[in-house]
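Here are a few notes to read alongside the model. Take them one at a time, and keep the 3D view open as you go.

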Number of protein chains: 2
Amino acid sequence: MSDLNSYYAVIMAGGGGTRLWPLSRQDRPKQSLPLLGDRTMFQMAVQRLAPLFPPERILVVTNARYAEDLRQQTPELPADNFVLEPAPHGTAPAIALAAQALQQRAPAAVMACLTADHHIGQEARFRDLLAAAAALAEEDFLVTLGIAPAFASTGFGYIQRGAPLGRYGGFDAFRAVRFKEKPALPEAQAMLTGGLHSWNSGMFVWRVARILAEVERQLPALHAVLARAAAQPATLAEVWAGVPNTTLDYGIMEGAAEVAVIPADGLDWDDIGSWEALLDVLPPDADGNLVIGAEYLGLQSGGVLVHSSHAPGRRLIATIGLKNMVIVDTEDVLLVCPRDRSQEVRALVEQLKLRAGGKLYL
Amino acid sequence: MSDLNSYYAVIMAGGGGTRLWPLSRQDRPKQSLPLLGDRTMFQMAVQRLAPLFPPERILVVTNARYAEDLRQQTPELPADNFVLEPAPHGTAPAIALAAQALQQRAPAAVMACLTADHHIGQEARFRDLLAAAAALAEEDFLVTLGIAPAFASTGFGYIQRGAPLGRYGGFDAFRAVRFKEKPALPEAQAMLTGGLHSWNSGMFVWRVARILAEVERQLPALHAVLARAAAQPATLAEVWAGVPNTTLDYGIMEGAAEVAVIPADGLDWDDIGSWEALLDVLPPDADGNLVIGAEYLGLQSGGVLVHSSHAPGRRLIATIGLKNMVIVDTEDVLLVCPRDRSQEVRALVEQLKLRAGGKLYL
């Protein structure tokens, strides 16, 4: 596969996600939001791949609920490149389903499993990284793409590197010796200063045959469902209900051998896991405010994120003496919270689920 | 006038006011807002007078721009009880115009000059105060209604009392020996602790003949205009342009003799001079939040004032960890500011006047 003609990208676009509520909703997940400008996160995820992958080799795995919207966002992709889960059960079943679809098209394929809703500022470097990872995957490694940790995050998973595997396309590769999900702060700080850990980007590269073998070995129930669906495609929706929920990290990576990590720095990567993260990704104005979609007048205000998707051009948002706040203004919901508490939007969403009439706003 | 049959109330309802922007606008002044519930401030001002003044003896002085709206709010008032200034020039010209109109109806009348946009919680006591003031006005005093100062306000004017004038209808009356407009904080503190000062409520009671004599003596230009307009009513709009701007306090009270003050406590009075003041007037919920017009979900939030006049019943306002903030949500403007800076709304309004397109929101 040295000419990359059997290299496929699979974009995982089935996530729901409530962390950017109230802009993201059950029927309008983060990947479908134009968070950073005119294009949706999903459109950006597809378009950054174009120099490396022709449209025929870009697959999207999502669930039926989002498929039509995503197809409309990317008319350049063939309609049957959308692999539809009957229901979401986590990233492992989603990728297994996509791997099975690829196996039928190109049994020797290498697949890059990519996210649909992350920011990647350095797109050319990202493609170089994907090309390097493909070469390593050809040697039958399960390749993880690591991110140089920027701080002692307790929200990301970490990958510890072991013995060096050599240099691939300008990147150093290592054996991955341990996965650590969302650590407590002391451990996160130790990993940050130790220098042996990368953040787990949630992006992976491997041969289709290799990942399907891992599914068969580690997730036999999922493998059985895929085998039944392959024999009788019409039964997929029915048998899919029996698939256990699991992620690639827990279900596959933690129990796998021959795992590699390519630690990448300089990608300008961000998962935009909260409203606050937008302030890290987009440049603020001279007052340190970031204003998207609204006319804004701030008196002695700084570090304010204003996002309005409501009556564009006919709505003014005004603040006095506001510091480090997030204001998200949608047609039916207004959210105001301190910037460093924007992660707690999840708790609001949980309360809304329990509140009379609250589901209207989910 | 001991039976009060020549006692008239004149409600000054011509103020523009930007302190409650963005709810109050040039065409929707504070007196026309249902700030405290279902009724507008003006409706409340009229209705609290009903047990003392029949509708025929309640006049309203306002400018042409607001007249139709105010008439619709109070169909119980005779249409020709609305005295219209061609343009606003402050409270002195407005009251002089109303006094002239009253002189033609009832030359012996006593007039109570009342505000249209203040909160008065103890309405029966307020009417008792008005009755007491009328008796003192019959003795030819210019009577001011004082408010017991609740704190060292630098935003109100103060009235210093001198020799006692006796007891009127349960209230002690005094000569007023000094008016002090909006003092600096040290002086405000000294006046508060000294116990000789009342806040100036902006409400006055006097004989029509007495106030017109004061206008003639102290504001001869205004008196001349009134005289010309009385001779040729059709010329009022034209000659009114020559009236100098002045208030009752500066133009009349500071230079008048035989001024009295009745210090009133227990009125539960508030001029609602800012958004923050609503929190003093209306009872908050168990978390200390005051929510008007919105569905609200606050996570660890307290002391928050939420006022929404936008899409009632179909809009949720959610906050996380917000303390002592004001959120005012209107159809085209959203304001967010700390509670103790809500007075600075005026500065926002000034900036909007200068901003391209800003007048849309005034």
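1. How many residues does the contact take from chain B, and how many from chain A? Please remember that this is a predicted model. The contact takes 27 residues from chain A and 27 residues from chain B.

2. Let's look at the chain B side. Strands S13 (295-299), S15 (316-320), S16 (325-329) and S17 (333-338) and helix H11 (345-354) of chain B each give at least two residues to the side that touches chain A. The largest share, six residues, comes from S17(B). By type, the residues on this side of chain B are 18 nonpolar, three polar and six charged.

3. Six strands make up an open sheet with mixed pairing, in the order S12(A)-S14(A)-S16(A)-S17(A)-S15(B)-S13(B). Strand S12 (290-292) of chain A and S13 of chain B stand at the edges with a single partner strand each, so one side of each has no neighbour in the sheet. On average, neighbouring strands of this sheet are turned by 5° against each other, direction ignored.

4. Find the place where the chains meet in this sheet: strand S17 (residues 333-338) of chain A pairs with S15(B) in the parallel sense, over four bridges. Here A:Leu335 stands opposite B:Ala318 in S15(B). Helix H11 (residues 345-354) of chain A packs on the sheet and touches S13 and S15 of chain B. The direction of this helix makes about 130° with that of S13(B).

5. One further pairing deserves a look. Strand S15 (residues 316-320) of chain A runs parallel to S17(B), and four bridges join them. A:Thr319 has B:Val336 as its bridge partner in S17(B).

Conventions. Residues are numbered from 1 along each chain as its sequence is written. Chains are lettered from A and ligands numbered from 1 in the order in which they are written. This is a predicted model: local features need pLDDT of at least 70, side-chain atom pairs count only at pLDDT 80 or more; totals for chains, interfaces and linings use all residues. Two residues are in contact if their C-beta atoms, placed from the backbone, lie within 7 Å. Ala, Val, Leu, Ile, Met, Phe, Trp, Tyr, Cys and Pro count as nonpolar, Asp, Glu, Lys and Arg as charged, and the others, Gly among them, as polar. Two strands pair if DSSP finds at least two bridges between them. Axes are lines fitted to C-alpha atoms, for helices over the stretch in contact, and angles run from 0 to 180 degrees between N-to-C directions.
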